[in-house]
Amino acid sequence: MSVIYMLISISIVVAVFFLYAFIKAVRSGQYDDDYTPSVRMLFDDELVKETNENQINITEEKQL
């Protein structure tokens, strides 16, 4: 029976440690914006193409 008490106390200590680590990560901003960087990577090529097309249009207008 004493082994069960020891295992419960150790598991509570480990759970408190993980809770502390989670709270510290949240407060440091670890989970602030996890969606935008992954989406930005997918649309980088489209942004470059749009800026190139805009630059071409601007230079064509200047030539007129």
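A nonpolar surface patch of about 700 Å² is formed by V3, M6, L7, I10, V14, F17 and F18. Patches consist of residues with over 30% relative accessible area and no salt bridge, and nonpolar side chains (Val, Leu, Ile, Met, Phe, Trp, Tyr) are joined within 5 Å. A salt bridge is a side-chain nitrogen of Lys or Arg within 4 Å of a carboxyl oxygen of Asp or Glu. Accessible areas come from the Shrake-Rupley method with a 1.4 Å probe. The model is predicted, with local features requiring pLDDT of at least 70 and side-chain atom pairs pLDDT 80 or more, while totals for chains, interfaces and linings use all residues. Residues are numbered from 1 along each chain, and side-chain values use heavy atoms, without hydrogens and water.

V14 counts as partly exposed because its relative accessibility is 38%; buried means under 20%, exposed over 50%, and partly exposed in between. Both F17 and F18 are exposed. The count of aromatic pairs comes to one. This pair, F17 and F18, is edge-to-face, at 5.6 Å centre to centre and 65 degrees between the planes (ring centres within 6.5 Å; planes over 60 degrees apart for edge-to-face, under 30 for stacked, the rest tilted).

The protein has two helices and zero strands, taken as DSSP runs (H or I, at least four residues; E, at least two). Of its 64 residues, 3% are buried.

Note on methods. Patch = residues over 30% accessible without salt bridge, like charges linked within 9 Å, V, L, I, M, F, W, Y side chains within 5 Å. Buried < 20%, exposed > 50% of the residue type's maximum accessible area, 1.4 Å probe, protein only. Phe/Tyr/Trp six-rings, centres within 6.5 Å; stacked < 30°, edge-to-face > 60°.
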